[in-house]
Amino acid sequence: MNLLSVEGISKSYGEKVIFTTLSFGINQGQKIALIAKNGSGKTSILNIIAGEDIPDEGNVIFRKGTRVAYLAQESNLDPELTVKESIFQADNPILKIIADYDKALENPEDQEAYQKAFEAMDQTQAWDFETQYKKILFKLKLDDLSAKIESLSGGQKKRIALCNALLKRPELLILDEPTNHIDLEMIEWLEDYFSKEKITLFMVTHDRYFLERVCNEIIELDEGKLYNYKGNYSYYLEKREARIAQENLAAHKTKLHFKKELDWMRRQPKARTTKSKSRIEDFKVIKEKASQRRNEHQVQLEINMERLGNKMIEMHKVQKAFGDKIILDHFDYMFQRNDRIGIIGKNGTGKSTFLNLLTSNDTADAGKIVWGETLKFGYYTQKGIPVKKGQKVIDVIRDYGDFIPLKKGRKISAQQLLERFLFNRKKQYDFVDKLSGGERKRLYLCTVLIQNPNFLILDEPTNDLDIITLNVLENFLLDFPGCLLVVSHDRYFMDKIVDHLFIFKGSGIVENFPGNYSDYRAYENSQIEERRAAPKQEKKPKKEWKDTTKKTTLNFKQQKEFKKLEREIKNIEIQKEEIKNRFINETLDQKQIEECSIKLGTLEKELETKSLRWFELSEN
C-alpha cells in the first residue's frame, strides 16, 4: 500500500540548484535510507516531505489519513516546558488521556475526576499504551520528568524529540541522523526496536551498521539522479559498484562511437543528403553523452605531521570530580606513539571532561599530567567550526596562511587545499553560514589537519559527514603515524580505526580493553551467557569453606590479555602460512626471498613470545 508519492520536486536557494525533478514513492513496511554526498539536499528532501519546507516545483502526495512523525537533526522543543509537559504535547490523543489519569492520581480527593479518567483509560484501552510509553521513557533514560528543557544537554533534547516521534505511533517515521548525540547503548536499542517494529521508515543516516541492520531498501541520489536498491547496505555497496562499472563501460563505448562519428563528420562534403542530416542530428546527441563525466572527486587528506618525540602524555593518579560526581579516580596511563584509542561510555560519564584534561582546557583535582615537548594537538570537537558573520570559506583557511606546508617541503595554496576538500573555486567564496551541516564539518576537518598535529583527538567526527568522506577519513587515519584518540558512537568507524578502548562506566571507573568495539560487545555478551549458563552453587556450611582447595583464577585484566593473545597468535599463524605459500607458489627473486625469510624469522620469534605468555595465563 502506497503511503507517499514524491512527484518531480525541485529545490534551489538563489542561484544554487540543489536538485531537480526527483520522483519516488514510499510503501507501507519499507525501511528506506537516502544516501547522497554532503550538499546534495538530503535534509531539504526530508523537510519537504515532512511539510517543514516547500519545493520550487513538484508535489508530495500522502495517502489520506497517514500519520507522519519527523525527527529533525535539531530538536525544536519549547525551552520553558518540563520534560513531562513536552512529551504530553505529542500529537496523540491517548497521551492526553494518560496525562489526565496521572493528574487524577495526584489529586485522589477529587473522586469524580479520578473515576472519569479511569473510565477514559478503559474505553480507549490506554493501559497497554501507557506500558509502552513508560518502556520508551525507561529505554531513553528520561527519568527526571520535572526537568526544564532549557537545562538539558543536546543529547537529552534529542532523546525527548525521539520519544515524541515514537509516541505519535506514526505509520511513516521520517528520521534525519537519528543516531547523532545518543550513546551506543541507546543506538543498539533503537536499532533493535526499528528492526522488529512494523513501521515504515524514511531516513538519512551515516551509521553504516544501522543501515545494515534496519534498512531493507536504499535510495541513492548520485549526480542528480535517484537509484533504488532493494536490500540493505551490503547489497547497496555491491550493486552500486556493479552499476558504476556498467556506466563506465557504456561511457567508454560512447566515446569510441563519438570518435568514429567525428571522423565521418570531418570527411563529409558540404552538400549533405537527407540521410546525412539525420546522422548529423544523432551526432549531436552522441557528442553530448560523450562529454558527460562522473564527478568522482574525493577528499584528499594530507598533512606534514610535526616531529614526534619519545614522550607523548603521561597521566599519573589523576583525579577529577564535580561535587559528588566522580569522573576519574587515580587514573594512570602513558600514551604511546602509535596508540589508536577509542573512548566509549554513556552520556555524562566524563568523556568530554577527559579530553579537556588532556588538552589543558581543564585542570585535575589531584595527580599529575605530563606533556611531551614536541606534542602538537589537533582537536576536532563536537561544536564544529565557529561561524563569523560575513566570513567566506576561503577566509577560514587564509587565517592559517595563504600557503600551507605539506610533506617533503612542498607547499599548497589555500585555494588548492580547499579544492582537495571538495570546495571548488565558486564554492570557496560562499558564506560559511550558508553551507550544509556536512560541508561545515568537512571545512572544520580541513582546519584541524592543516595545523599538522601529531596527537589527533576526534570527538564525534562522523556526525553529518557523508559516507564517501567517511571512507576517505578512515583510510587517512589508518595511515596516520601519530597518536589517535577517538570518541564516537559510530561502531563501524570505531571497529575500523581503533585497536583498544577506554570504557567510561561512571563513578570514576575507566576500563582499558584490548580490542575494538565489536570485540568488546562479543566479550560482554559472552560474560552474560557464562553467568546465565553457570549452575547455581550450593551453599556450603560455614565450617567447610576453609577446607576447600583454593584455585587461582585470572583477574579481569588477565582475561582480556588472554583473549587478545589468542587473536594475535591466530593472526601470526595466518601470516606465516601466507609467506610459506609464497615460497611454494610464486617465483621469487633473491631480494624477495631475503625479505620473506626475515619476515618469517620475526614472526617465529613473536609467536614464541606470545605463546609462552599464553601458556602462563592458561595454567592459572
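# Reading the cavity, the cores and the backbone

Guide: By class, one nonpolar, seven polar and three charged residues line the largest cavity. Ala, Val, Leu, Ile, Met, Phe, Trp, Tyr, Cys and Pro count as nonpolar; Asp, Glu, Lys and Arg count as charged; the others, Gly among them, count as polar.

Visitor: What kind of model is this?

Guide: This is a predicted model: local features need pLDDT of at least 70, side-chain atom pairs count only at pLDDT 80 or more, and totals for chains, interfaces and linings use all residues. Residues are numbered from 1 along each chain as its sequence is written, and side-chain values use heavy atoms, with hydrogens and water left out.

Visitor: How many cavities of 30 Å³ or more does the structure hold?

Guide: A cavity is a set of points, on a 1 Å grid over the protein atoms alone, where a 1.4 Å probe fits but cannot get out. Points are joined across faces, edges and corners, and volume is the space filled by probe spheres set on them. The structure holds one cavity of 30 Å³ or more. The largest cavity has a volume of about 60 Å³.

Visitor: Which residues line the largest cavity?

Guide: A lining residue has an atom within 4 Å of a point. The lining residues include His 181, His 206, Asp 207, Glu 460, His 489 and Asp 490.

Visitor: Where does His 181 lie?

Guide: Helices (H or I, at least four residues) and strands (E, at least two) are DSSP runs, numbered from the N terminus. His 181 sits in the loop between β6 (172–176) and α7. The chain has 19 helices and 20 strands.

Visitor: What is phi of His 181?

Guide: Most residues other than glycine have a negative phi. Phi of His 181 is near 70°, a positive value. Glu 223 also has a positive phi, near 55°. Glu 223 lies in the loop between β8 (217–222) and β9 (225–229).

Visitor: Is Leu 190 buried or exposed?

Guide: Buried means under 20% relative accessible area, exposed over 50%, and partly exposed in between (1.4 Å probe, protein chains only). Leu 190 is buried, because its relative accessibility is 0%. His 181 is partly exposed, at 28%, and so is Glu 223, at 41%. Ser 151 is exposed, at 52%. Of the chain's 620 residues, 44% count as buried.

Visitor: What is Leu 190 in contact with?

Guide: Contact means heavy atoms within 4.5 Å. Leu 190 belongs to helix α7 (residues 184–196). Setting aside neighbours within four places in sequence, Leu 190 contacts Leu 162, Pro 178, Ile 182 and Phe 210. Across the chain, 67% of contacts between residues at least 6 apart in sequence join residues at least 24 apart.

Visitor: How many residues has the largest nonpolar core?

Guide: In soluble globular proteins, nonpolar side chains tend to be buried together. A nonpolar core is a set of buried Ala, Val, Leu, Ile, Met, Phe, Trp, Tyr and Cys residues joined through side-chain atoms within 4.5 Å. The largest has 57 residues, and Ile 87, Tyr 133, Leu 173 and Phe 194 have the most contacts inside it. Apart from that core lies another, of 45 residues, including Ile 385 and Leu 470.

Visitor: How many disulfides does the count come to?

Guide: A disulfide is a covalent bond between the sulfur atoms of two cysteines. The rule used is a pair of cysteine sulfur atoms within 2.5 Å. The count comes to zero. Cys 446 is buried, with a relative accessible area of 0%. Cys 483 is buried at 0%.

Terms used:
On a 1 Å grid over the protein atoms alone, a cavity is a set of points where a 1.4 Å probe fits but cannot get out, and a pocket is an open set with protein on both sides within 12 Å along at least five of seven lines; lining residues have an atom within 4 Å of a point.
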